[in-house]
Amino acid sequence: MPEATVTSLLSPEFVAIDVVASSREELLSALADGLEAGGYVTSDYKQAVLDREVKFPTGLPTLGLKVAIPHADPEYVKKSFISVARLAQPVDFEEMGGSGSSVAADIVFMLAIADGKSQLTTLSALIGMFSQEDIMSRLRDAATSTDLFTVIDDEIRRSI
């Protein structure tokens with residue numbers, strides 16, 4: 001499979017605001033179900049994401065908006081994609097790195113990347129974006145899902 005570019009992984013249809021979930025598991029299941037219904041991932045992807053999140057947490061205590069970047073191994077991905085959900089209320093994720101601390105994530109970037117090289121490139125671009133407080137404020141303040149998509153797309157294009 002050819003390497004995907006970070007900007008080709010985004011689509012307004014998989015960027016949502018005011019997403020409601022009572023738990024990390026409920027949120028990840030709903031996002032994975034949407035990717036599976038769209039033909040982006042295999043039927044095993046959801047369980048792989050849930051299992052991986054327990055072993056390798058993805059919560060990031062970033063400035064302004066707290067983030068989680070759940071993902072699974074490329075073997076569960078049919079077509080590379082990123083699903084973004086800005087939450088109505090934060091959902092607890094464990095902090096990346098295994099500190100055991102909890103991160104009340106405000107926004108989740110679920111990665112479905114079909115090759116390892118693209119996954120690293122994508123993670124790098126996103127983490128660069130997450131380190132900039134002004135961008136995180138723009139993600140928080142985006143009024144619509146289209147506005148949120150535009151902020152993410154613009155910032156990733158600037159970084160590559």
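**View 1. Helix H2 packs against its neighbours in this predicted model.** The buried residues of H2 pack against helix H1 (24–37) and strand S2 (59–60). They also pack against S4 and strand S5 (102–112). Which residues of H2 are buried? They are Tyr-45, Ala-48, Val-49, Leu-50 and Glu-53. The helix itself covers residues 45–55.

**View 2. Four acidic residues form a negative surface patch.** Glu-36, Asp-44, Asp-73 and Glu-75 make up this patch. Glu-75 is found in the loop between strand S3 (67–68) and strand S4 (81–94). Is Glu-75 buried or exposed? Glu-75 counts as exposed because its relative accessible area is 60%, and the cut-off for exposed is over 50%.

**View 3. Glu-36, a member of the patch, sits in helix H1.** Its relative accessibility is 32%, so Glu-36 counts as partly exposed. The range for that class lies between the buried cut-off, under 20%, and the exposed cut-off, over 50%. What does Glu-36 touch, leaving out residues up to four places away in sequence? Its contacts are Val-41, Thr-42 and Ser-43. Look also at Lys-46, ten residues from Glu-36 along the chain. The C-alpha atoms of Glu-36 and Lys-46 are 8.4 Å apart.

**View 4. Asp-18 has a positive phi.** Asp-18 is found in strand S1, residues 15–19. Its phi is near 60 degrees. Asp-18 is a residue other than glycine. Most residues other than glycine have a negative phi.

How values were computed
Residues numbered from 1 in each chain as written. Predicted model: local features only at pLDDT ≥ 70, side-chain atom pairs only at ≥ 80, totals over all residues. Heavy atoms only, no water. Patch = residues over 30% accessible without salt bridge, like charges linked within 9 Å, V, L, I, M, F, W, Y side chains within 5 Å. Areas by Shrake-Rupley, 256 points an atom, 1.4 Å probe, with all protein chains shown as cover. Salt bridge = Lys/Arg side-chain N within 4 Å of Asp/Glu carboxyl O. Charge placed at Lys NZ, Arg CZ, Asp CG, Glu CD. Helix = DSSP H or I, 4+ residues; strand = E, 2+ residues; numbered from the N terminus. Buried < 20%, exposed > 50% of the residue type's maximum accessible area, 1.4 Å probe, protein only. Contact = heavy atoms within 4.5 Å.
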